[in-house]
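My entries are recorded below.

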Amino acid sequence: MLVIVGIVVVIGAVIGGYVMEGGVVGVLYQPAELVIIGGAALGSLLIGTPLTVVQALLGQLTGLLGSGLTKADFADLLGLLFKVFRAAQQNGIMALESHFDKPKESAILKAHPKFLARHDSVSFLSDSIKVIIVGGISPHDLADLMAEDLEVHHEEARGPAGTLAKVADALPGLGIVAAVLGIVITMGAIDGPPSELGHKVGAALVGTFLGILLSYGFLQPLASAMELRVHEDGKYEQCIKAGVLATYKGLPPAIAIEFARRVLPHTVRPSFEETEKICRNSRDAAGAQAA
């Protein structure tokens with residue numbers, strides 16, 4: 001929502017200030033300049049970017065329209081982790097094998113559709129539990145293994161933001177390209193009346209204006225927002241990692257959940273009392289399911 005508000009503010013401030021200075025809005029309507037700049041930017045994006053990154057870029061841009069992960073999402077995750085850790089404590093780690101071989105069929109995981117919708121998170125938790133089931137790995141080595149997994153995932157997730165930032169950096173130059181083409185057209189009509197020449201020069205300058213505005217007013221802020229969203233979403237897997245490691249070290253489920261809770265930012269971190277309630281509700285739900 002803030003993305004839309006920000007775009008409206010940028011457009012309103014630029015156009016409003018232009019009108020206050022006596023500018024005519026219709027002069028800024030130069031579709032040919034926009035085609036040159038936008039088309040060249042899109043083409044350069046396709047030239048230098050793999051299809052998978054382009055698809056991820058579109059997905060992350062769409063995701064900016066949402067609110068991102070909320071406190072309720074992390075509360076749901078802590079509840080799920082508590083159920084998993086408690087099942088391991090009561091029945092042994094081997095009891096989790098059936099749940100993570102087919103996560104969509106797991107009685108525990110099916111109760112948390114928000115978690116199942118995050119395929120990377122499901123894979124991360126499943127693979128980590130399977131490594132523990134295989135055995136023969138120290139907590140330190142497991143921590144390194146999970147950290148490397150997260151680093152690869154986050155590096156991939158940061159790719160679209162970096163790509164968009166590079167396109168934003170190129171836009172002022174593409175605006176100059178559009179302006180130069182406009183000047184070429186102007187020079188070809190140098191014998192025309194001054195009013196016609198003025199119109200053509202103005203159209204050329206709009207190209208430079210659009211390139212700079214699109215870069216600094218829209219694409220670079222969007223790239224920054226995408227990078228921040230990736231960082232915020234990464235806390236989801238960090239939460240899983242902290243809880244799994246604490247459990248593997250032999251800590252009780254409630255303490256393992258506290259380790260998971262402490263890695264969360266304060267804006268989305270449930271309080272200690274709220275976490276106790278989450279664990280209690282998860283325990284009651286698991287008991288009712290077993291009955």
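Basis. I worked from a predicted model, in which local features need pLDDT of at least 70 and side-chain atom pairs count only at pLDDT 80 or more, while totals for chains, interfaces and linings use all residues. Residues are numbered from 1 along each chain as its sequence is written, and side-chain values use heavy atoms, with hydrogens and water left out.

Entry 1, helix pair. I looked up H1 (residues 2-20) and H9 (residues 194-248), whose axes come within 11 Å and cross at roughly 155°. Helices here are DSSP runs (H or I, at least four residues), numbered from the N terminus. Axes are lines fitted to C-alpha atoms over the stretch in contact, with angles from 0 to 180 degrees between N-to-C directions. H1 and H9 are therefore roughly antiparallel (angles over 145 degrees). On the H1 side I noted Val3, Ile7, Val10, Ile11 and Val14, and on the H9 side Phe209, Leu213, Gly217, Phe218 and Leu222; contact means heavy atoms within 4.5 Å. Nine of these residues are nonpolar, one is polar and none is charged; Gly counts as polar, whereas Val, Leu, Ile and Phe are among the nonpolar types.

I found Val27 in the loop between H1 and H2 (31-48). Val27 is partly exposed at 40% relative accessible area (buried is under 20%, exposed over 50%, partly exposed in between, with a 1.4 Å probe and protein chains only). Neighbours within four places in sequence aside, Val27 contacts Tyr18 and Val206.

I located Ser282 in H11 (residues 272-290). Ser282 is buried, at 6% relative accessibility. Beyond its neighbours within four places in sequence, Ser282 contacts Gly79, Phe82 and Lys83.

Technical notes. Helices (H or I, at least four residues) and strands (E, at least two) are DSSP runs, numbered from the N terminus. Angles under 35 degrees count as roughly parallel, over 145 as roughly antiparallel, 65 to 115 as roughly perpendicular and the rest as oblique.
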